Every structure is written in C-alpha cells, then in structure tokens.
Amino acid sequence: MEEIEHTCPQPRLTLTAPAPFADETSCQCQAPHEKLTIAQARLGTPVDRPVRVYADGIFDLFHSGHARALMQAKTLFPNSYLLVGVCSDDLTHKFKGFTVMNETERYEALRHCRYVDEVIRDAPWTLTPEFLEKHKIDFVAHDDIPYSSAGSDDVYKHIKEAGMFVPTQRTEGISTSDIITRIVRDYDVYARRNLQRGYTAKELNVSFINEKKYRFQNQVDKMKEKVKNVEEKSKEFVNKVEEKSHDLIQKWEEKSREFIGNFLELFGPDGAWKQMFQERSGRMLQAFSPRQSPTSSPTRGRSPSRSPSPPFPWLSNKASPPSSPKAASASISSMSEGDEDEK
C-alpha cells in the first residue's frame, strides 16, 4: 500500500523574510485533513501536522492591538500555523467604511508581523465551508464579542456552532477607530504639522484662510519655543550658580580674611607702616632741629646774681616817678654811670 505524503507548509522558524501570500504557496496535503478538537490541538500534534489557525480582519493602521491579537492566535496551541485573511478595499468600503490605508498597504503590514506564517489576500467577509476546506483551516481565532455585519447578528455564529472558534482578548485603549478619533480631534495640529513639513494646502484639502491661520500659528509656536529654550537655559545657569555658590562664598571668605590680615599687618597699631612713619618722623625732626653749642666755648662774663636794671626806673611798679626835674636829671646821670661800670 502506497504511503500518503504530507506536504503542508511548516511554521516559519526564522524571521529573515516576510510571510508569503497564500496564492504563492498553497497547502497541497494529499492525506485526508482530519478534524481536530481543541483538546487534541492543545495536547500537541506531529511536527508535519501543525494546527492551522485562521484570523481575519481589516487591519487598517496596523497597531499593537492587532499584533497582540495575532500573537494570541499564534500561541493558542503548541504547534500552530497562523493564516491571516485581509479583506479587500471593495468589501471593506461596502460593509464597514472607508479606510486610511489601501489594501496593498494593509497586506504588506501583515506580511511583516512576526507571528504571521501566511497572508490570504481578498479574504471573504463571511467564512464559507468552501473557504475553510480550501485552506485546510482547523480553527478560527477572534475576540468573543458578537460581530454584527452583512445582515447577520454575528458573522462567526456558524463557526462557534461547529466548535471551530477559539476566542482571543481585545487590547483595551487602542483601536483603529481610537487613532482616527485622535486625528480628527486634533486636526488643526496635524494640518499645521504637515504644512510645516512641506505639504501644500491643496494636498491637505485646507482652505486659503486656514492655511494662513495655520502658518501664523506655527510662527507663534516657534517664538514660544524660543522663549521656552531661553527659560530652560536660564534655569540651568541658575542651578549651576547655586551649585557653585557654596565654594564661591568659602573662597571669598578666605580671601577676605587674608586681605584683612595683610591690612592689619601693614596699617595696624604695631604695623610696619607705623614703624616706618616713626622712623621717618624722627629723621625729619633731627634734620630740622638746630645744632647745640659745644660745652667748651667761652661765655660772656656776667654776674649771675645781677639782673639788668630797667631803662626807665620810674616806669617800674616798685619805683616812684621823680618829683622834680633836678631829681630826673640826677637819675639819668646815675644810670649813665652804671652803664660805664658794666663796660
């Protein structure tokens, strides 16, 4: 009996290339694709029979919430092969609405996610038995919230009833709708940003008046940024001064004490300047004072006991004036005799 060979693609072991598209490589398994239960899949399967898990979506503005959902789908079972279906622009615009990224950009985003083994382009909005059989899908992974669309309360209802649905958890706080809401809410900010980066008002669908308003606001923001930079530099300078203030004060105190000590040493009560001034004063006094006569020089002989008589005796308080002319002439003659005696 001829053995049946399994040729199903194996999970990627290296991440040196993007995931292939399904229409470029297909599962050509010649053996019957036996149906697995979730319990069997969790126990593990042979290496050549990975559990083929399918996850689909729009994946517009591919973000971390998408990546976490795919990571959960990839790690549901020990040996799994993750196929990701991406809906085309036509289907998406018809059932959900306009997208930011076109289908080619969304396909490429999924190819470069590390958890994806294969990308299926133009995936159906509602999964059919033919699609599941074509791609040998064992389980479908998606969050458990009912997804109402295309006239159905839950497009995954028949998958859940068939026991092929495996739930994943949504990442709170991040979604494509949240990102678009942020952009719409801060539209003026992003319009100004792109105008500043060289986009034209026509490319941004901005009116002439709004363009001028945005450019003026950009100039105001530039001025605010300059003022902010100056304030930050000033704060840095003040911080540096405060850090060095203690050292500066210590150095100033040391220099002050040194200066005061030198000043007192020079001009203090016992300073060098006072001693120098006294020496110079003594020399000046000695230079200006007259010389003393030598002790051996002769002196005029004069009786020390005799004191000179006043020239006019009658003017003295003790002597009385002459009473007559004769007495005055006698007095003058006596004075003349006295002078002759001295000579």
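Reply: Let's start with T37, which is partly exposed at a relative accessible area of 41%; here buried means under 20% relative accessible area, exposed means over 50%, and partly exposed is in between (1.4 Å probe, protein chains only). This is a predicted model, in which local features need pLDDT of at least 70, side-chain atom pairs count only at pLDDT 80 or more, and totals for chains, interfaces and linings use all residues. Residues are numbered from 1 along each chain as its sequence is written, and side-chain values use heavy atoms, with hydrogens and water left out.

T37 sits in the segment before α1 (38–43). Helices (H or I, at least four residues) and strands (E, at least two) are DSSP runs, numbered from the N terminus. In space, the C-alpha atom of T37 is 7.9 Å from that of G163, although 126 residues separate the two in sequence. Links across the sequence also show up in the chain totals: of the contacts with a separation of 6 or more, 69% join residues 24 or more positions apart. Contact here means heavy atoms within 4.5 Å. The chain has twelve helices and five strands, and 28% of its 343 residues are buried.

Now to the core. The largest nonpolar core holds 22 residues, and L70, V84, L110 and V116 have the most contacts inside it. Two or more residues each come from β1 (51–57), α2 (64–74), β2 (80–86), α4 (103–111) and β4 (139–143). By definition, such a core is a set of buried Ala, Val, Leu, Ile, Met, Phe, Trp, Tyr and Cys residues joined through side-chain atoms within 4.5 Å. Take V116 as an example: setting aside neighbours within four places in sequence, V116 touches R12, A19, L70, L82, V84 and L110. There is also a second, separate core of 16 residues, with Y81, L83, I120 and V140 among them.

G65, H66, A67, L70, A73 and K74 are its buried residues, and their cover includes β1, β2, α4, β4, β5 and α7. Most residues other than glycine have a negative phi. L61 counts as buried, at 18% relative accessibility. A second case is D122, with a positive phi near 55°, placed in the loop between β3 (118–121) and α5 (129–134).

Next come the charged pairs. A salt bridge is a side-chain nitrogen of Lys or Arg within 4 Å of a carboxyl oxygen of Asp or Glu, and the count by this rule is twelve. In one of them, D143 pairs with R170 at 3.5 Å, N to O. D143 belongs to strand β4, while R170 is in the loop between β5 (165–168) and α7 (176–185), so the pair ties together parts that are 27 residues apart in sequence. D143 is buried at 11% relative accessible area, whereas R170 is partly exposed at 49%. D154 and K160 also meet in a salt bridge, 2.9 Å from N to O. D154 is buried, with a relative accessible area of 11%, and K160 is partly exposed at 28%. A network of salt bridges links D144, D154 and K160. Elsewhere, E133 bridges to K136, with the closest N and O atoms 3.1 Å apart; K136 counts as buried at 15% relative accessibility.

Finally, the surface. F259, I260, F263, L264, L266, F267, W273 and F277 make a nonpolar patch of about 870 Å². Helices α10 (208–267) and α11 (272–288) each give two or more residues to the patch, with the largest share, six residues, coming from α10. F259 lies in α10 and is exposed, with a relative accessible area of 58%. The whole chain has an accessible surface of about 25400 Å², 55% of it belonging to carbon and sulfur atoms.

The UniProt record, an unreviewed entry, annotates residues 213–240 as a "coiled-coil region". In the model, that stretch is 100% helix and 0% strand, with end C-alpha atoms 41 Å apart.

Methods
UniProt positions are given in the numbering used here, feature names are shortened, and annotations may be inferred rather than shown by experiment. Patches are made of residues with over 30% relative accessible area and no salt bridge: like charges are joined within 9 Å, nonpolar side chains (Val, Leu, Ile, Met, Phe, Trp, Tyr) within 5 Å. Accessible areas come from the Shrake-Rupley method with a 1.4 Å probe; for residues, only the protein chains shown count as cover.
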